[in-house]
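Biologist: I have a structure open and I'd like to learn how to read it. Could you walk me through a few features?

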Amino acid sequence: MNWIKQWVLLMLVLLLTDYACANPYVPVSEDEIVSVFYTPEELKTINKLRKKLEITPGDYEILNRIIVLYLTLGREKSDPRYFGYAEALLEPYMKNGNLPETTVIHWADILQHRHSFDEALQILNKLALNESSQPQVYLMRAIIHLSRGDYARALNNCKSLISRASNLLTISCVAQVKSLTGKLQSSFDLLEQTIKRSHDSDIEERIWGLTILADMAMRNGDYAIAEAYYLQGLKLNSKDYYILANYADLLLQKKQYKHVILLLNEFVFVDSLLLRLAIASCQSGKLICEKYVVALESSYQLSDARGEKTHLRDHARFYFKIKNNIKKAYYIAKQNSNNQKEPADVKLLLKIYLEYPDRKADALPEWVFRSLFEDIELTEMLRRVKKT
Amino acid sequence: MTLKLLQGTVFFMTMVFCGLCQAHQSSHSQISLKQSGKVMSGGWHISVDDLERSVGVDTNGDSILSWGELMQQQSLIESLAKTHIKVIQGQTLCELGTGNVMLDKLAAGFYVYLPLEIHCPKIIRKLNIKYDFLFSFDAQHKMILNIESNDSSQNTVFSNNSRVFEYDSLINNKFQAFLEFIWQGVWHIWIGLDHILFLLSLLLPAALILRQGVWYEKQTIKITLINTTKIVTAFTLAHSITLALSVFDLVSISSRIVESVIAASVIVASLNNIKPIIHRRLWLLTFVFGLIHGLGFASVLNDVGLPAGSEGLALLGFNIGVELGQLAIVAVTLPIIYWLSHSNFYRTRLLQTGSLSIAALAIVWFVERVAQVEILSWV
């Protein structure tokens, strides 16, 4: 009988929930809890520092401390609002031509985060022209060029990290670019050796290196090796969203849906991870799938309404894998590839294209056929495309 | 205690099924309005989280926000709306009224809903809507505005770099724009006393004939109608030409000159009835002055503004409206004029005194418009 009680309670709650989701309403009681705020400790520190900054607005040390705290919080919590707070705080300062270099780099970081790549590059190029000693300048430029498929420029910037950044960071950057220009195996070997030798390296740098290494193994078809490196990375930080997403992709490829659900269950507040969780839940026929889908769809609709184009790859994947709306998925994937030409973007575009019934009428962009980076999946897909 | 526990359970389950699977979103608020006549009503959705982080609504600082606590922030939320949302019609700020706060659950979490009612002085066509809440705190904050009117809906997004929206109720509805501008045309001829008196001055002798400088014989209906058609057609043709030229910025003459010449045209047309100088080709006089009247209509039209995307259709509608307005005046006045023209009194007294009165009024207008002073406040 217990299950009947639980069922009745669940139905009751669902009814109430639907009511609550509908329209503006006046809660029955003044005691009803509207929200429970979680205020990170860093936010309390920020508030104190902001008060100090109000008194001495020219204190760049305080300003930079606040910005670093905001950006770190934004990345850790995957909460884009912290980037907005940092931007609003920095914006009035950016009219001043004599800002410390670190402040300007933070500004470029914010621009890059919201995919304003041209504006970010404009600032970074100026800094690089003045021979900046800050490795972030070159690293950010390398990442932007890489995401646009401009490997020559990306490599040049990676090389500029020599003498400015650690050996691991430099090699990770160089290996990542070179692996896309016909040197996958040698880049993998070089990075693997470097990681093995860099025991005392910075944890974040190590995680980045391990992720790149695992990605390279994936492209080589060595899934077991890739998994081992993803797990090594997760051991260092089990809440690194980037490595979690990539590892979940590996598991999805192996159809290990239960494993994905277990891995990502607690990360529903991160859109990119929620998408993987939704794919796994829907593929394995879980009831919760529908709720995830509704949440994702509303989030994408909101992004569209806001005019954002930052996560189009995920949007396309959502319509492809979950909604089975190939036409829409293809349209978004094409739109995404105008700005982002990373291997994952190219491969997704091809995957959708191969399933697209009207593909003859809506051809692939020409540049896709010039994307000849080593990747067993890509090679196979390009072969199939040429056949059709 | 049991009640609180139940409420807590409902809240928790609501979050689980409705919200907690929601990823962190960039900050946004929403204003949805329905426009009807001079009023726009709807409401403003503001995230509870945004309110807490920017202005602080958890007054007791226990990190738990109850509905009671939120209700106490009514005046704060109202003042945020009045400070950060401005709706301007022409140069006048529309009055923004607010209702009691409510709660809403949107996909991105819990939102406060503040009912809004915006009253503008005139029927709403074009508005300047300004919004600048939160941008100085969160540069990525966006506000999604939706306005529904006449079965069409307009959406726009306000952002840090885009804080003003020029609303035009007709922008997406060509047929509606066409009908609206027909009405504008009719209305502007009816309230434009100078245009009416110009036309009336020309029509007063339409049923008479001039012999040796004196009006005295009654014309047939046919000739009266021909005379009237000539005058109305000449006026229509002339003002249509200059109206189009002016609206599309091909002709530009200062409104002071245009308005003064319009007054002068009324003087000339009315005095011509008392001391007829031009009577054979009255349509030519009508045509020449009609050109100036067209420029006068254009200044009215420029104030109202043509709806983007359907300028041509709206202009055509306005012209049709002016003609319909004119025809209505003719339809009412011509039978009376024709009937009165039988009498001696009309030919020897009424025509003269009527025309003289019109001329007197037009002289005052002329002086007012040339010297930019106000003599008669009621016309």
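Modeller: Let's go through the interface, a strand and some salt bridges. First, this is a predicted model: local features need pLDDT of at least 70, side-chain atom pairs count only at pLDDT 80 or more, and totals for chains, interfaces and linings use all residues. Residues are numbered from 1 along each chain as its sequence is written, chains are lettered from A and ligands numbered from 1 in the order in which they are written, and side-chain values use heavy atoms, with hydrogens and water left out.

Biologist: How many residues of chain B are in contact with chain A?

Modeller: Contact means heavy atoms within 4.5 Å. Here 51 residues of chain B are in contact with 50 residues of chain A. Buried area is the accessible area (1.4 Å probe) that two parts lose on being put together, summed over both. For chain B and chain A that comes to about 4,800 Å², with 61% from carbon and sulfur atoms.

Biologist: And how many salt bridges are there between chain B and chain A?

Modeller: Side chains of opposite charge can pair when their charged atoms come close. The rule for a salt bridge is a side-chain nitrogen of Lys or Arg within 4 Å of a carboxyl oxygen of Asp or Glu. The count between these two chains is two. Asp79(A) forms one with Arg53(B), the closest N and O atoms being 3.6 Å apart. Look around that pair too: Asp79(A), Arg81(A), Asp49(B) and Arg53(B) are linked in a network of salt bridges.

Biologist: Which strand of chain A is joined to S3(B)?

Modeller: Helices (H or I, at least four residues) and strands (E, at least two) are DSSP runs, numbered from the N terminus. Two strands pair if DSSP finds at least two bridges between them. Strand S1 (residues 33-36) of chain A runs antiparallel to S3(B), and three bridges join them. In one of these, Val36(A) has Ile64(B) as its partner.

Biologist: Is S8(B) enclosed or open?

Modeller: Buried means under 20% relative accessible area, exposed over 50%, partly exposed in between (1.4 Å probe, protein chains only). Nine of the eleven residues of S8(B) are buried, so the strand is largely enclosed by the rest of the structure.

Biologist: Which strands pair with S8(B)?

Modeller: Strand S2 (residues 39-47) of chain B pairs with S8(B) in the antiparallel sense over nine bridges.

Biologist: What about salt bridges within a chain?

Modeller: Over all chains, the search finds 23 salt bridges. In one of them, Asp249(A) meets Arg276(A) at 2.9 Å, N to O. This pair links helix H13 (residues 241-253) to helix H15 (residues 271-283) of chain A, with the partners 27 residues apart. Arg276(A) is buried, at 6% relative accessible area.

In chain B, the side chains of Asp194(B) and Arg369(B) meet at 3.1 Å, N to O. Asp194(B) lies in helix H6 (residues 193-203) and Arg369(B) in helix H11 (residues 344-371) of chain B, so the pair ties together parts that are 175 residues apart in sequence.

Biologist: Are Asp194(B) and Arg369(B) buried or exposed?

Modeller: Asp194(B) is buried, with a relative accessible area of 8%, and Arg369(B) counts as buried at 17%.
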